[in-house]
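Take a look at the sequence and the 3D view, then read on.

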Amino acid sequence: MDQNSSRIVAGESNTGRYGLVCQYQFEDGSSQFIFLQIGDKSGAIGINPSLSFCTENYLQVLSSCKGLLLLSSIGELGLKYHVFNPNSKHVLTLPQHSITRHVIRSGLAFDGNHYQVVLAHVADTEGAFGGLEMEIFSSDTGKWRRFHPKNLFLPIPAPDFEFPELKTHPLFCNGAIHWEIGGHLLVYQVEDDHCELIELPNFSEDWCWQSALTYKRCLSESQGRANYTYTDFEGVHTWILLSEYDHDYYSNYSIYDRKKFRWGLARSVNHQDLNLKHQETYFHLGQRKWEPYDASPIAVCEDSETLYLQLPGTVVSYNTRTDVLEQVCTYSFPGENFNCCSFLPLTYGRQIEGESASESLEVGVVDLPIKEKLRTLAF
């Protein structure tokens, strides 16, 4: 496959239609990558077959940014990282980095012309909590560089292992990569080489125990702000990371510590209300009732005011304005391993949007894995 980074980004200088990437992983390690396109304003989902593909080897999707994907595969020296353009099918396999410890977070930043891949790990320091270090690959130089944020330490020990399927996918927003880690939001400003840790609204002292559960969270962007959506026993909650404009506005009405007051509640959807209003839908889905630990927020579509939730064997859309709950996707899973099917938000490039604009979006429930034969790609 092509290794020229300029071909990776060709035709992807602007963002366009919103969608999801579904990775369906089979028991033998192979995967289907199904690109699901979301209809404007309607929230309906349809398959984009021209972008979908399959792999025979182990491959994990880590991040997306403006039409590009960051993927990882297993190599002789550990994980290999790839930047992939689904439109052109071009891939760049990155040179080997120098990290010898466990990479705890990875992310992709893309400004439309150049991209950077960021790997975060805990530095070799004495004591329980180590400082963070980053290795950053730039498409401009074709090389890795090391960055050590000053006085930035994790508040709790980094886990030795995390299931990739349960990690919260990073978000690139306002020139920064955002990661959820240890009950905090790690924000890295790409151009300024600046990092900060922001306590999440649902942080608790026993976060290490909490994060081991199957609750999933998602990061999204709305009106230029980073959003954080999570599930607990009460409901599904979305919080907005306040901007400087928000702080200036609130400061006119009250005196507060803007360093501690970083979040504003956007909406809460109560589990009990959903259970009472949509009992017939749950029975149709094979769910006796709405279980809090079953509902995993995977994406928020700003245009259609739609929240997408993953349940065992199905994905539903919930319109927060009209209170309509609909099934949009089903998937089979072996035994209890419903994490074999994971979803990642994706913004299609303008070129992809233009090519598919003439095609009407098929409305109906998508069944995964799909039976159609897909192009096989090797990484």
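## Before we start

Strands are runs of the DSSP state E with at least two residues, helices are runs of H or I with at least four, and both are numbered from the N terminus. Two strands count as paired if DSSP finds at least two bridges between them.

The model is a predicted one, where local features need pLDDT of at least 70, side-chain atom pairs count only at pLDDT 80 or more, and totals for chains, interfaces and linings use all residues. Residues are numbered from 1 along each chain as its sequence is written, and side-chain values use heavy atoms, with hydrogens and water left out.

## The sheet from β17 to β20

Let us begin with an open sheet of 4 strands, in the order β17-β18-β19-β20, whose pairing is antiparallel. At its edges lie β17 (217–222) and β20 (263–270), each of which pairs on one side only. From one strand to the next, the twist averages 20°; here axes are lines fitted to C-alpha atoms (for helices, over the stretch in contact), and angles run from 0 to 180 degrees between N-to-C directions.

Strand β19 (residues 235–241) runs antiparallel to β20, and 7 bridges join them.

Strands β14 (residues 176–181) and β15 (residues 184–189) are antiparallel and joined by 6 bridges. Across this pairing, His178 stands opposite Val187, and Trp179 has Leu186 as its bridge partner. The two strands form a hairpin with 2 residues between them, and Gly182 in the turn has a positive phi of about 60°.

On to the next pair: β15 and β16 are antiparallel over 6 bridges, with Val187 opposite Glu196 in β16. Their hairpin has 4 residues between the strands, and Asp193 takes a positive phi near 55° there. Is β15 enclosed or open? It is largely enclosed by the rest of the structure, because 5 of its 6 residues are buried. Buried means under 20% relative accessible area, exposed means over 50%, and partly exposed lies in between (1.4 Å probe, protein chains only).

Gln32 sits in strand β2 (residues 31–38) and is buried, with a relative accessible area of 9%. Leaving aside neighbours within four places in sequence, the residues in contact with Gln32 include Cys22, Tyr24, Phe53 and Leu374, where contact means heavy atoms within 4.5 Å. The side chain of Gln32 also reaches the backbone oxygen of Ile370 at 3.0 Å. Ser52 is 20 residues away from Gln32 along the chain, yet their C-alpha atoms are separated by 7.6 Å.

Ser72 belongs to strand β6 (residues 68–75) and is buried at 3% relative accessibility. Beyond its neighbours within four places in sequence, Ser72 is in contact with several residues, among them Tyr58, Leu62, Lys80 and His82.

## Salt bridges

Side chains of opposite charge can pair when their charged atoms come close. A salt bridge is a side-chain nitrogen of Lys or Arg within 4 Å of a carboxyl oxygen of Asp or Glu, and by this rule the count comes to 6. One of them joins Glu133 and Arg146 (3.8 Å, N to O). Glu133 is in strand β11 (residues 132–138) and Arg146 in strand β12 (residues 143–147), 13 residues apart. Glu133 is buried at 11%, whereas Arg146 is partly exposed at 48%. Together with Glu135, they are linked in a network of salt bridges.

Arg145 forms a salt bridge with Asp193, the closest N and O atoms being 3.0 Å apart. Arg145 lies in β12 and Asp193 in the loop between β15 and β16, so this pair ties together parts that are 48 residues apart in sequence. Both partners are partly exposed, Arg145 at 35% and Asp193 at 25%.

Finally, the side chains of Glu180 and Arg217 meet in a salt bridge (2.8 Å, N to O). This pair links strand β14 with strand β17, the two residues being 37 residues apart. Glu180 is buried at 3%, and Arg217 is buried at 11%.

Technical notes: A polar contact is a pair of N or O atoms within 3.5 Å; within protein, one must be able to donate a hydrogen and the other to accept it, and residues adjacent in sequence count only if both atoms are side-chain atoms.
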